[in-house]
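Subject: Structure handover

Hi,

Here is the structure I promised to pass on to you.

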Amino acid sequence: MTTDHDPVRRAMMTALAVAPLSAFGETSNAGGEMRRTGSHMLVAYFSRSGNTRVIAGLIHRSLGTDLFEIRPASAYPDDYLATVEQARQERDSGYEPALAASVSDMERYDTLFLGFPIWGGTAPPIIRAFLSAHDLAGKTLIPFVTHGGYGLGDSQSVLASHAPEARLRQGFVMEADQERRTMNRVNDWLEGVEIKQ
Ligand SMILES: Cc1cc2nc3c(=O)[nH]c(=O)nc-3n(C[C@H](O)[C@H](O)[C@H](O)COP(=O)(O)O)c2cc1C
């Protein structure tokens, strides 16, 4: 999706190299969903386990953008497998979950960086909901996507169909640590741990 000559990728790699370690533990938007800098560029992202959040923070700090965390009104379960099942049902039925908050003044932005993980081979349902709730006509839309090893799926055609009048640009895609892999490794380890009762 990108090359090292891509300016967006280069900016993010530079930010990654100079970002303080503390940045990686930062939780965004402590005071709410939106962090404002007065920029005409917005980074909006959804993240469950944090991979996409790290990239969102890097773009936000590197380019001085506003930052918005996309959250569902009803949180997904903490349990990974329950979330996978709920996401599968929502994908198959075309359900768009309610947003916890929307961007009230989207008209002030000319560029939207939109970040999300791949869920079930596509963009998560909450991303479809976010796109349906905001008018992106005429705006530059730059996706940044993380996945667990199976690639972008049909996520880019979801962006094109849900934001048909946006100028969809090539974005950034990266394989990132899978919560499932961590869960399996930890469960295997826990099975072998001897605990005195
Ligand atoms: C519900 C769910 C479904 C997922 N489906 C896929 C998938 O279809 N293909 C894939 O490569 N990774 C899949 N993953 C892995 C995530 O895309 C990957 O770990 C991503 O980096 C997580 O980003 P986050 O930490 O920002 O939430 C899935 C993860 C979850 C929680």
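**The chain as a whole**

Please keep in mind that this is a predicted model. The chain has six helices and seven strands. Read from the N terminus, the elements come in the order α-β-β-α-β-α-β-α-β-α-β-β-α. Of the 197 residues in the chain, 43% are buried. Among contacts with a separation of 6 or more, 83% are between residues 24 or more positions apart.

I would start with strand S5, residues 140-147. Eight of its eight residues are buried, so S5 is largely enclosed by the rest of the structure. You can check this face by face: Thr-140, Ile-142, Phe-144 and Thr-146 are buried on one side, and Leu-141, Pro-143, Val-145 and His-147 are buried on the other.

- Strand S4 (residues 111-117) runs parallel to S5, and seven bridges connect them. Here Phe-113 is opposite Ile-142 of S5.
- Strand S6 (residues 167-168) is also parallel to S5, with two bridges. Leu-168 in S6 is the bridge partner of Leu-141.
- Strand S7 (residues 172-175) is joined to S5 by four bridges, again in the parallel sense. Glu-175 in S7 is opposite His-147.

Next comes strand S2, residues 41-45. Five of its five residues are buried, so S2 too is largely enclosed by the rest of the structure. One side carries Met-41, Val-43 and Tyr-45, and the other carries Leu-42 and Ala-44, with both faces covered.

S2 runs parallel to S4, and five bridges join the two. In this pairing, Met-41 is opposite Thr-111 of S4. S2 also runs parallel to strand S3 (residues 66-69), through four bridges, and Tyr-45 has Glu-69 in S3 as its bridge partner. Between S2 and S3 the chain passes through helix H2 (residues 51-63), making a right-handed β-α-β crossover.

**Helices H3 and H6**

Two packed helices are described by the angle between their axes and the distance between the axes. For helix H3 (residues 80-93) and helix H6 (residues 179-192), the axes come within 11 Å and the crossing angle is roughly 145°. This crossing is left-handed. On the H3 side the contact involves Tyr-80, Leu-81 and Val-84, which meet Glu-179, Arg-180 and Met-183 of H6. Sorted by class, the contact comprises four nonpolar residues, two charged ones and no polar ones.

**Two residues to look at**

Which of these is buried and which is partly exposed: Phe-144 or Ala-137? Phe-144 is buried, because its relative accessible area is 1%, below the 20% cut-off. Ala-137 is partly exposed, because its value of 35% falls between the 20% and 50% limits.

Phe-144 is part of S5. Beyond its neighbours within four places in sequence, it contacts residues including Val-43, Ala-44 and Tyr-45, as well as Thr-52, Ile-55, Ala-56 and Ile-59. Its contacts also include Phe-113, Leu-114, Gly-115, Phe-116 and Phe-172. Phe-172 is 28 residues away along the chain, yet the two C-alpha atoms are 4.5 Å apart.

Ala-137 sits in the loop between H4 and S5. Setting aside its neighbours within four places in sequence, Ala-137 is in contact with Glu-165 and Ala-166.

Best wishes

Conventions:
Residues are numbered from 1 along each chain as its sequence is written. This is a predicted model: local features need pLDDT of at least 70, side-chain atom pairs count only at pLDDT 80 or more; totals for chains, interfaces and linings use all residues. Side-chain values use heavy atoms; hydrogens and water are left out. Buried means under 20% relative accessible area, exposed over 50%, partly exposed in between (1.4 Å probe, protein chains only). Two strands pair if DSSP finds at least two bridges between them. Axes are lines fitted to C-alpha atoms, for helices over the stretch in contact, and angles run from 0 to 180 degrees between N-to-C directions. A crossing is left-handed if the near helix is turned anticlockwise from the far one by less than a right angle, and right-handed if clockwise. Contact means heavy atoms within 4.5 Å. Ala, Val, Leu, Ile, Met, Phe, Trp, Tyr, Cys and Pro count as nonpolar, Asp, Glu, Lys and Arg as charged, and the others, Gly among them, as polar. A crossover is right-handed if, with the strands pointing away from the viewer, the path from the first strand over the helix to the second runs clockwise.
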